[in-house]
Amino acid sequence: MSQTDVATLSDTVASPVPSEMGANALYDKCMALAHNLWWSWHPEVTNLFRDIDPIRWRQLDHNPISLLGEFTPERLAIRASEMVLHSRVNYAYRRLQEYLNKTNTWAATNAGVLGGKPVAYFSAEFGIHESLPIYSGGLGVLSGDHIKSASGLGVPLIGIGLYYSQGYFKQHLDADGYQREEYLETKVENLPIEPAVGKDGSPITVSIETRDGRLLAKVWLMLVGRVKLYLLDCNVEGNRPEDRELTSRLYGGDERTRIRQELVLGVGGVKALRALGVHPGVLHLNEGHSAFGPLEAVRQAMKDDGMTFDNALREIARKTVFTTHTPVPAGHDRFDGRLVEEHLGPLRDQLGISYEHLMSLGRVNVHDAAEPFCMTVLGLKLSRKANAVSSLHGHISRRMWSTMWPDRAEEEVPIGHITNGVHVPSWLAWQMGQLYDRHFPAGWVPKIGEPDVWQYIHNVDPGELWETHNALKNELLAFVRRRVSRQCRRRGESDEIIEAARNLMDPNFLTIGFGRRFATYKRANLLFTDFDRIISILHNSDRPVQVIYAGKAHPKDEPGKRFIQQIANLRHDPMLRGRIAFIEDYDINVCRHLIQGVDVWLNNPRRPLEASGTSGQKAVLNGGLNCSILDGWWAEAYNGSNGFAIGHGTSHVDDRITDQRDAESLYEVLEEQIVPAYYDRDRDGLPRKWIKLMMNSISTCAWRFSSHRMVMDYTTEAYVPAAGGLSKDMNFRY
Ligand SMILES: *Cc1c(COP(=O)(O)O)cnc(C)c1O
């Protein structure tokens, strides 16, 4: 589908030098590569861009379009000759063409019914690469991984999201260790996006009526391998000034901003599909943010086919899949009736339903006029396939929403689960990928969602695996030193402090990483519950330990910011100097460095609040071992010999008691299992038991918690039945 977009660029350029590639042809091929995000999960292409100018590459947030923008075709050609890049560019370009033209994909044999009727996948954020600031955290990275795997498997899928010109904030810590937020405007011309055009070739604008006037949104197109991702953007002429900023920030503003963004994503998204001439066979609502979308689809069905509201609703719900992502109550959007009427009123008129009827679609108790309108309830009522994102989260979600089905036992509540996974090629370090290439069967990459290929890890020489891991760990420590010294320089700290930052940490020490949102339930400070005890663990002279932290707190989350401050300021403690680091501005790039280089990835949320978690899955791929509360994905992954468990999968009603017990268990696991296993070396200096755990972790978890497995599950369990109209009707009370 998208190969033409790539091909046209270079076809228009005649090569002046027949034997070698001409300067313009070289430049255009590089640009063509840069305009399909396929490059971002192919290290040989990423490294190619980097090698053009390694320093600028880093300074420009790894954005190849910005980088190429600093070169003329002639200068690039000179640089390419110096670096012998021509054949690498040609090879990468050919591989992209082959990828785009491949027809014998997994989906070709397993998802035929979707041909011509693609899945429309709605998400408020997409985390694809650090150079595209349209994500904030886990949900976005999951969506990005989902569409990358859909591309890899050949599942016909189209992404719908919002274009945030300022994205999420950049994080800096001030001299007090307090989080400061900075919003930067991204230059559209430096992003791999172009205006989406309709059937007649002109750019598309969608228009959404509210009681308070009309909202307009233009539509951008971005290519992610074989997948097209459309992003709606309210910064258009014709919108009021405040509306032009509506989509500038992710999760910014108040309730009204939020409902308006969600209106644009859901209703605007479905309108955009129609304008593009796309007729989706499935609507997948990734989280409740887009749950208004099916209502617009109902309107279209009523208009096109003359259906009644009830029939059209049944029809649309049959092909709608809804995924809920959090057991945290505040994570479910709730709006008051006034806001709903202001924004859905005109659509409601066209649907021919009363205000009470509309509100009842977002209420658990349809008769409770005081109950606000909940987007998760709407998503559940407008879909016939609903799922949570891990087995445990499935149980919690069925309990959480059981009052919607008062006649059913809790286990009969129609919310299933498909556990989250990660896109292996995006998170696997290049060196580790090389090792797998040497030992796994040829052509293993498309099969990463199946267990068989991963069993070959047990044939790898332990010394080779250990050496590869240590090379990656050294890269991580170099990254930590570079970033921390830069942070100190920015704060204007003394030369002595900056010099110390350049020598932080030791590659021979057991290294623990903790990177995630600083939501308080994730308990970033749990390790410091008993200060003396943790000091004795970190400072054990034979078996020292060091810890790297990273993470942002939501701008309105004061307690989360205080956690950051507490952790960041530990560096001033004489007992902890050099043993602890906080990397500012956690993003995909920081996460990639951390999960590729740590020995242990620590996750200690208050159970059962972590719906799945995915960062630990990324660590697995690179030989990192998980040490985690038995929550989310780890509750189903841990088998006693593939990592470490904190606690026994229980929680007390009193949070303080839970926290105390979990901290105690964390110390025990560190003292009795992790530290001894890591430092238990044979005559060759190899920690044999530890390496065995790394192999077990890879062979049991890598395939199962890959987004390839996840997308295969969505396809066979949800998309195919939904598109074929085979999903069972659930009994809802409309
Ligand atoms: C993977 C990832 C996450 C999600 O990690 P959790 O384990 O769910 O906390 C968040 N942010 C970034 C930048 C990521 O890459």
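These exercises work through salt bridges, a surface patch and a hairpin in a predicted model.

**Exercise 1.** Which residues form the positive surface patch, and which helix gives the most to it?

*Solution.* 
- Step 1: The patch is made of Arg 58, Arg 482, Arg 486 and Arg 489.
- Step 2: Helix α21, residues 462-490, gives the most, with three residues.
- Step 3: Arg 486 is found in helix α21. Its relative accessibility is 40%, so Arg 486 counts as partly exposed.

**Exercise 2.** Are Glu 296 and Arg 299 buried or exposed? How far apart are they in helix α12?

*Solution.* 
- Step 1: The two side chains meet in a salt bridge, at 2.7 Å from N to O.
- Step 2: Glu 296 and Arg 299 are three residues apart in helix α12 (residues 293-305), so about one helical turn separates them.
- Step 3: Both Glu 296 and Arg 299 are buried.

**Exercise 3.** How do strands β3 and β4 run, and how many bridges join them?

*Solution.* 
- Step 1: Strand β3 covers residues 170-173 and strand β4 residues 179-182.
- Step 2: The strands run antiparallel, joined by four bridges.
- Step 3: Leu 173 stands opposite Gln 179 in β4.
- Step 4: Five residues lie between the strands of this hairpin, where Gly 177 takes a positive phi near 80°.

Terms used. Residues are numbered from 1 along each chain as its sequence is written. This is a predicted model: local features need pLDDT of at least 70, side-chain atom pairs count only at pLDDT 80 or more; totals for chains, interfaces and linings use all residues. Side-chain values use heavy atoms; hydrogens and water are left out. Patches are made of residues with over 30% relative accessible area and no salt bridge: like charges are joined within 9 Å, nonpolar side chains (Val, Leu, Ile, Met, Phe, Trp, Tyr) within 5 Å. Accessible areas come from the Shrake-Rupley method with a 1.4 Å probe; for residues, only the protein chains shown count as cover. A salt bridge is a side-chain nitrogen of Lys or Arg within 4 Å of a carboxyl oxygen of Asp or Glu. Lys and Arg count as positive and Asp and Glu as negative; His and the chain ends are not counted. The place of a charge is taken as NZ of Lys, CZ of Arg, CG of Asp or CD of Glu. Helices (H or I, at least four residues) and strands (E, at least two) are DSSP runs, numbered from the N terminus. Buried means under 20% relative accessible area, exposed over 50%, partly exposed in between (1.4 Å probe, protein chains only). Two strands pair if DSSP finds at least two bridges between them.
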